[in-house]
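Please look over the sequence and the structure before reading on.

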Amino acid sequence: MGLRVVQWATGGVGIAAIKGVLEHPDLELAGCWVHSAEKAGKDVGEIIDGPGAEPLGVTATNSIDDILALDADAVVYAPLLPNPDEVAALLRSGKNVVTPVGWIYPSERQAAPLKAAALEGNATLHGTGIAPGGISEKFPLMFSVMSTGVTFVRAEEFSDLRTYEAPDVVRHVMGFGEVPDKALSGPMQKLLDGGFIQAVQMCVDKIGFRAEPKIRSSQEIAVATAPIPSPIGEIEPGQVAGRKFHWEALVDNEPVVRITVNWLMGEDNLDPAWTFGPEGQRYEIEVRGNPDISVCIKGFQSEVGGQGPEYGVVGTAAHCVNSIPAVCAAAPGIATYLDLPLISGKAAPQLG
Ligand SMILES: NC(=O)c1ccc[n+]([C@@H]2O[C@H](COP(=O)([O-])OP(=O)(O)OC[C@H]3O[C@@H](n4cnc5c(N)ncnc54)[C@H](OP(=O)(O)O)[C@@H]3O)[C@@H](O)[C@H]2O)c1
């Protein structure tokens, strides 16, 4: 008998997390919450693999009360938008929560309500993911262990947004295809600030930089110079076709920690003429110290026109799933990467 896991929401992350739980030697699927009415009442096997799939014997519900009443050790909480009241109820019911939607390194003020719920339920909340939550802070900290006298760390994403199949999000939330003023004043900066400021702060605190308390956020925009075909239709000249966001911690006005996101609708017909460079889509990590280190991570971004899932989403789910045993064993409250032991992937069933 493994640890009993509930999957909360079955979007890209949720489906990959269920598959990850089924492959993990120490976990079993105990329940599943779905948002969509049409998925409620279905066997989870059908939800992840379609009609005719092998039943898993676990029925999806859209009732939080069903989940609260369930005997389970942990919940992978992956809805579209976080609802802190739901997370508090799950924690109070004694379930550990692992999530890619926030709480990577909350300040005491941000953590207080959910910490109280976790202590009441003798449970633990852990925020993780890919970026923020992994490549943006855990990995820079891990690589910095091979360097002394650290002067700067950087994590940077280079992604082609043409593979992102969420047209409403890309246009209305991310601001692609809009005029620059509308994109600049849209919700994206604030939405991203929440997680990435926590990621920068974790690096500052753990490495011990005497950084200014305010993390600096900034952004840049590229516009199309000719029509660019994209999943949201043609992006016309003058409309937003590339965005960069930066978060920096400063010492004496010089950055010591920087996270950057580069999102481009391809590399042609952009002003400024941004490209990914010869290394293409990737994540990069840099540590400057003795010695300087740089790492390029490939495999999480899909190729434009390629088949298969979005591997960054699968990686996000895996990070959540592989963390469950350590989160269940952690002291009640909020556990960050700084509190948990080294976590790894687990052997495939035929090799374990
Ligand atoms: N930190 C990271 O690195 C990272 C990486 C990837 C994703 N994320 C976050 O993880 C979450 C899940 O991502 P995803 O790619 O799985 O998203 P997704 O494919 O859009 O799926 C989200 C799921 O949420 C449910 N849902 C839809 N509308 C909802 C609503 N109004 N309220 C509550 N739930 C609703 C649906 O579940 P059902 O289909 O079950 O009805 C939907 O499938 C998002 O918040 C995303 O931002 C974080």
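Helices and strands are DSSP runs, numbered from the N terminus; a helix has at least four residues and a strand at least two. In these terms, T10 sits in the loop that links β1 (3–8) to α1 (12–23). The model is a predicted one.

- T10 has a relative accessible area of 7%, which is under 20%, so T10 is buried.
- The side chain of T10 makes a polar contact of 3.0 Å with the side chain of K39.

**The ligand site**

- K39 places a polar side-chain atom 2.6 Å from an oxygen atom of the ligand.
- For I130, a backbone N or O atom is found 2.8 Å from an oxygen atom of the ligand.
- For A131, a backbone N or O atom is found 3.0 Å from an oxygen atom of the ligand.
- On its own the ligand has 930 Å² of accessible area, and the protein covers 71% of that.

**The largest nonpolar core**

- In soluble globular proteins, nonpolar side chains tend to be buried together.
- In this model, the largest nonpolar core consists of 53 residues.
- The residues with the most contacts inside this core are F176, V200, W247, A249, V257, W263 and M265.
- Two or more core residues come from each of these elements: β7 (148–160), α9 (188–207), β8 (216–224), β9 (240–251), β10 (254–264), β12 (282–290) and β13 (293–297).
- The helix α9 contributes the most to this core, namely 8 residues.
- Why does this core lie between domain 1 and domain 2? Domain 1 (3–130 + 313–351) and domain 2 (138–299) both supply residues to the core, so the core lies between them.

- E303 is located in the loop between β13 and α10 (311–329).
- Is E303 buried or exposed? Its relative accessible area is 57%, which is over 50%, so E303 is exposed.
- E303 and S217 are 86 residues apart along the chain, and their C-alpha atoms are separated by 29 Å.

Terms used
Residues are numbered from 1 along each chain as its sequence is written. This is a predicted model: local features need pLDDT of at least 70, side-chain atom pairs count only at pLDDT 80 or more; totals for chains, interfaces and linings use all residues. Side-chain values use heavy atoms; hydrogens and water are left out. A polar contact is a pair of N or O atoms within 3.5 Å; within protein, one must be able to donate a hydrogen and the other to accept it, and residues adjacent in sequence count only if both atoms are side-chain atoms. Accessible areas come from the Shrake-Rupley method with a 1.4 Å probe; for residues, only the protein chains shown count as cover. A nonpolar core is a set of buried Ala, Val, Leu, Ile, Met, Phe, Trp, Tyr and Cys residues joined through side-chain atoms within 4.5 Å. Buried means under 20% relative accessible area, exposed over 50%, partly exposed in between (1.4 Å probe, protein chains only). Domain bounds come from an automatic or database domain assignment.
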